[in-house]
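Good morning, colleagues. Please have the sequence and the model open before you while I speak.

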Amino acid sequence: PNSTNVANLTTINSCEFRRSSNFNIPGPSVKRGMVNLHGVKDIKFYLNHFLPSRRPLDEDTTICIRGINSSVIVGDMQNSGGNIFDSAFYAIHMVGGYKNIIDDNWIFTRNGIYISNSNYNRITNNKFRLDFVSNYFNSNSLRTGIYMNECNNFKIEKNEISTVNLNQNIS
């Protein structure tokens, strides 16, 4: 049926995303998204829980939301509710696109947010807990809360970034 409420057509709300243990394709360079977007604009994510299965961190390459030439609104827009990202390589990984909005989420992952070649992004009021497990940590292990690459005119404020399980000194 035809709908006049266009705002509801691009919303993923109150879903639970679980990954089975065989989700990853073997190989160190392969990264899979639980939600893959290509050329999708302004899709909204509210009150979702992303739960990749627990694997050794050096093997896990899962990305919860992965986008190419897409834009997302992830979190508590107008008090709708944030998302929970658990135990993934990246919570959000966007390349290309325009104006990603990421507000009021709980991010418990190896790396938080990666955005490349995208302008006018807003990342505010998120709580990051970056997972450092001492058995898999070495001085070359990448860990980052927010990684902006080739981006202009962005707003990043009121985010809390901390680590868990850290038994190493980082310089």
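This is a predicted model: local features need pLDDT of at least 70, side-chain atom pairs count only at pLDDT 80 or more; totals for chains, interfaces and linings use all residues.

In S13, which residue is the bridge partner of Ile102? The partner is Ile123.

S10 and S13 run in the parallel sense and pair over three bridges. Both strands belong to an open sheet of six strands, ordered S1-S4-S7-S10-S13-S16, with parallel pairing. At the edges stand strand S1, residues 11–13, and strand S16, residues 155–157; each has a single partner strand, so one side of each is left without a neighbour in the sheet. From one strand to the next, the twist averages 5 degrees.

Let me turn to Thr124, which is found in strand S13, residues 122–124. Is Thr124 buried or exposed? Thr124 counts as buried, because its relative accessibility is 6% and the cut-off for burial is under 20%. The side chain of Thr124 is joined to that of Asp103 by a polar contact of 2.2 Å. If we leave aside neighbours within four places in sequence, Thr124 is in contact with Ile102, Asp103, Asp104, Lys155, Glu157 and Asn159.

With 6% relative accessibility, Asp103 counts as buried. Asp103 also forms a salt bridge with Arg122, in which the closest N and O atoms are 2.7 Å apart. Since Arg122 lies in strand S13 and Asp103 in strand S10, the pair ties together parts that are 19 residues apart in sequence. Arg122 itself is partly exposed, at a relative accessible area of 26%. Asp103 therefore takes part in a polar contact with Thr124 and in a salt bridge with Arg122, while counting as buried at 6% relative accessibility.

On charged pairs in general, side chains of opposite charge can pair when their charged atoms come close. How many salt bridges does the structure hold? There are five. One of them joins the side chains of Lys127 and Glu160, at 3.9 Å from N to O. This pair links distant parts of the chain, with Lys127 in strand S14, residues 127–131, and Glu160 in strand S17, residues 160–164, 33 residues apart. Lys127 is partly exposed, with a relative accessible area of 28%, and Glu160 likewise counts as partly exposed, at 36% relative accessibility. Together with Arg129, Lys127 and Glu160 are linked in a network of salt bridges.

A further salt bridge is found between the side chains of Arg18 and Glu16, at 2.7 Å from N to O. Here Arg18 counts as exposed, at 61% relative accessibility, whereas Glu16 is partly exposed, with a relative accessible area of 48%.

Finally, I draw your attention to the backbone at two loop residues. Asp104, although not a glycine, has a positive phi of about 55 degrees. Asp104 sits in the loop between strand S10, residues 101–103, and strand S11, residues 106–108, and counts as partly exposed at 27% relative accessibility. Where does Asn117 lie? Asn117 is placed in the loop between strand S12, residues 111–116, and S13. Asn117 is not a glycine either, and has a positive phi of about 55 degrees. With a relative accessible area of 46%, Asn117 is partly exposed.

Thank you for your attention.

Key: Residues are numbered from 1 along each chain as its sequence is written. Side-chain values use heavy atoms; hydrogens and water are left out. Helices (H or I, at least four residues) and strands (E, at least two) are DSSP runs, numbered from the N terminus. Buried means under 20% relative accessible area, exposed over 50%, partly exposed in between (1.4 Å probe, protein chains only). A polar contact is a pair of N or O atoms within 3.5 Å; within protein, one must be able to donate a hydrogen and the other to accept it, and residues adjacent in sequence count only if both atoms are side-chain atoms. Contact means heavy atoms within 4.5 Å. A salt bridge is a side-chain nitrogen of Lys or Arg within 4 Å of a carboxyl oxygen of Asp or Glu. Two strands pair if DSSP finds at least two bridges between them. Axes are lines fitted to C-alpha atoms, for helices over the stretch in contact, and angles run from 0 to 180 degrees between N-to-C directions.
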